[in-house]
Amino acid sequence: MRVELLFWAGCPSHGKALRELQDVLRESGHDPEAVIVREVKTDDDAASEGFVGSPTIRIDGADVQPLADEPTGLTCRIYHRRDGRISPTPDPADLREAVLAATAAAAAPRGERPRAAGPSR
Amino acid sequence: MTLVGERAPAFELPDTDGQLQRLAPDVATVVVFTCNHCPYALAWHKRLMAVAREYAERGVGMLAINPNDSERYPRDSEAQMKARVQAGDFDGVPYLRDASQQVARSYDARTTPDVFVIDGQGTVRYRGAPDADYDDPAAGAQWLRSALDALLEGNDPDPRETEPVGCSIKWKP
């Protein structure tokens, strides 16, 4: 399972996001140190990475809280917690769900693998 | 970084109806640099509006100022600001546009949000975050409330200054 955290240094949320992501990976039996952390530094980098804000977390390429029609750019990303609060970081429950989905996808026999994806909100 | 203890820079900025609003002598005024696109500003927003409502009857005013470069961050455009006001997000608090970013610079504002409390003599008496945890609504903008309570009782706020937390202000190139 490939877990990536992309961040922009102008937004202070990536430290907390990384800690919460690592907690979820640890709880679910994955290596918390395997997270690939990458800094996005320019608008051009943001465009080429499809980076819509910091932090962006992808598991096997799938965003943990996919956004439709969001412009790329160097900005802080808005997440919605499951209780409706706005937050700079994803809900740990969404992270957990994405990890479980990716784990299940990897375990499924070839040809029967569902595509790993984040929550449908 | 501090302006605490110094005279608050005067300003005159348009609100979302184009009416000029200025820092006026009041019992106390809360000046909040904020914006539409920052999750920290949005997470704290309801707490700040609750303070505006609850302290208004004690003579405290609030002005919200959006200083961000809306060319690069279109969610901070005048139209988007107006839409939030019309949706009732600001509960009567004027939402001002600092298009030149001069006011933000004069306050040395760093983040959205960045909160300043100004007393009736025009002196900055508190600067920083609304409270200790953007992620906990129960924190209730306690640092801001504490600063206002102190001023209203004739005392010095404690703390007088905290580290502002949020998205960096989006300066124009």
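1. Contacts of Leu48(B). Leu48(B) touches Val32(B), Pro130(B) and Ala141(B), leaving out residues up to four places away in sequence. Contact means C-beta atoms, placed from the backbone, within 7 Å. The model is predicted: local features need pLDDT of at least 70, side-chain atom pairs count only at pLDDT 80 or more, and totals for chains, interfaces and linings use all residues. Residues are numbered from 1 along each chain as its sequence is written, while chains are lettered from A and ligands numbered from 1 in the order in which they are written.

2. Setting of Leu48(B). Leu48(B) sits in helix H1 (residues 39–56) of chain B. Helices (H or I, at least four residues) and strands (E, at least two) are DSSP runs, numbered from the N terminus. Leu48(B) is buried, because 24 other C-beta atoms lie within 10 Å. The scale: buried is 20 or more other C-beta atoms within 10 Å, exposed is 12 or fewer, partly exposed is in between. Ala64(B) is 16 residues away along the chain, with 9.8 Å between its C-alpha and that of Leu48(B).

3. Helix H1(A). This helix covers residues 14–27 of chain A. Its 14 residues reach 20 Å from first C-alpha to last, close to the 20 Å expected at 1.5 Å a residue. The expected span is 1.5 Å times one less than the number of residues. Gly29(A) follows H1(A), with a positive phi near 85°.

4. His14(A), Ala17(A), Leu21(A), Val24(A) and Leu25(A) are buried. Seen down the axis, the buried residues of H1(A) fall within an arc of 100°, so they line one face. The arc is taken over directions from the helix axis to the C-beta atoms. On the other side, Gly15(A), Arg19(A) and Arg26(A) are exposed. The cover over the buried residues includes strand E1 (3–7), strand E3 (56–59) and helix H3 (92–107) of chain A.

5. Sheet in chain A. Four strands form an open sheet, ordered E2-E1-E3-E4, with mixed pairing. Strands E2 (36–39) and E4 (62–63) of chain A stand at the edges with a single partner strand each, so one side of each has no neighbour in the sheet. Pairing requires at least two DSSP bridges. E3(A) and E4(A) run antiparallel, joined by two bridges. Ile59(A) stands opposite Ala62(A) in E4(A).

6. Chain interface. Twelve residues of chain A are in contact with eleven of chain B.

Key
Two residues are in contact if their C-beta atoms, placed from the backbone, lie within 7 Å.
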